[in-house]
Amino acid sequence: MGRIRFLRDRGIRCGTLFFGFTAYFEPIVREFGWSYTEISLVVSLRGLEIGIFAPVAGFLADRYGSRKLIIAGSAIVGLGFLLLSLTHSLLMFYAAFLLLAFGAGGCTSVVLMTSVAQWFTKNIGKAFGVMACGYGAAGS
């Protein structure tokens, strides 16, 4: 039961999980007994997956629209967090992060910039600046 509560009790948010994950290394090592290498591998694979998925996300945003992609990505991230809260094994940890990475790939800057570019014709630079500020504001 303690392992199930580990991630849920710490109030992990999406931005914190992606941008501040190193703050959770020590608690994860203490709770599960995994090595730093095993934990770091999942973060590296997540970054690699998002980089590979970006061109696909751009294509899907052009084909189906940004709104549908962002909604689907958000739902997949939610499922990834549910799976992460039930983590008992390293394989389950990797599966949860893979799901999180695919969902986050649907909400990347490629998709958001596509939306902003379609919505704004005047002052598009300011709109992109406000959008970029959202990453820092949401990451807290």
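The legends below describe close-up views of a predicted model of one protein chain.

**Figure 1. Overall make-up of the protein chain.** The secondary structure of the predicted model comes to eight helices and zero strands. Along the sequence, the pattern reads α-α-α-α-α-α-α-α. The protein chain has 140 residues, of which 34% count as buried. Among contacts in the protein chain with a separation of 6 or more, 62% come from residues 24 or more positions apart.

**Figure 2. Packing of helix H4 against helix H6.** Helix H4 covers residues 36–64 and helix H6 covers residues 90–105; their axes come within 9 Å and cross at roughly 25°. Because angles under 35 degrees count as roughly parallel, H4 is roughly parallel to H6. The crossing of H4 past H6 is right-handed. On the H4 side, the contact is made by Glu38, Leu41, Val42, Arg46, Glu49, Ile50, Phe53 and Ala57. On the H6 side, Leu90, Phe93, Tyr94, Phe97, Ala101, Phe102, Ala104 and Gly105 take part. By residue class, the contact of H4 with H6 holds 12 nonpolar residues, one polar and three charged.

**Figure 3. Helix H6 and its buried residues.** H6 is built from 16 residues and reaches 22 Å from its first C-alpha to its last, close to the 22 Å expected at 1.5 Å a residue. The buried residues in H6 are Phe93, Ala96, Phe97, Leu100, Ala101, Gly103, Ala104 and Gly105. An α-helix has 3.6 residues a turn, so residues three or four places apart point the same way. Phe93, Phe97, Ala101, Ala104 and Gly105 are among the buried residues of H6, and these residues are also among those that meet H4.

Figure 4. Ala54 lies in helix H4. Its relative accessibility is 22%, so Ala54 counts as partly exposed; the cut-off for buried is under 20%. From Ala54 to Gly106 the C-alpha to C-alpha distance is 8.3 Å, although the two are 52 residues apart in sequence.

**Figure 5. Packing of helix H5 against helix H7.** Helix H5 (residues 66–85) and helix H7 (residues 109–119) have axes 9 Å apart and pack at an angle of about 145°. H5 and H7 make a left-handed crossing. H5 contributes Ser66, Leu69 and Ile70, which meet Val111, Leu112, Thr114 and Ser115 of H7. Four nonpolar and three polar residues make up the contact of H5 with H7, with no charged residues.

Conventions:
Residues numbered from 1 in each chain as written. Predicted model: local features only at pLDDT ≥ 70, side-chain atom pairs only at ≥ 80, totals over all residues. Heavy atoms only, no water. Axes fitted to C-alpha atoms, helices over the stretch in contact; angles between N-to-C directions. Helix = DSSP H or I, 4+ residues; strand = E, 2+ residues; numbered from the N terminus. Parallel < 35°, antiparallel > 145°, perpendicular 65-115°, else oblique. Left-handed = near helix turned anticlockwise from the far one by under 90°. Contact = heavy atoms within 4.5 Å. Nonpolar A, V, L, I, M, F, W, Y, C, P; charged D, E, K, R; others polar. Expected span 1.5 Å × (residues − 1). Buried < 20%, exposed > 50% of the residue type's maximum accessible area, 1.4 Å probe, protein only.
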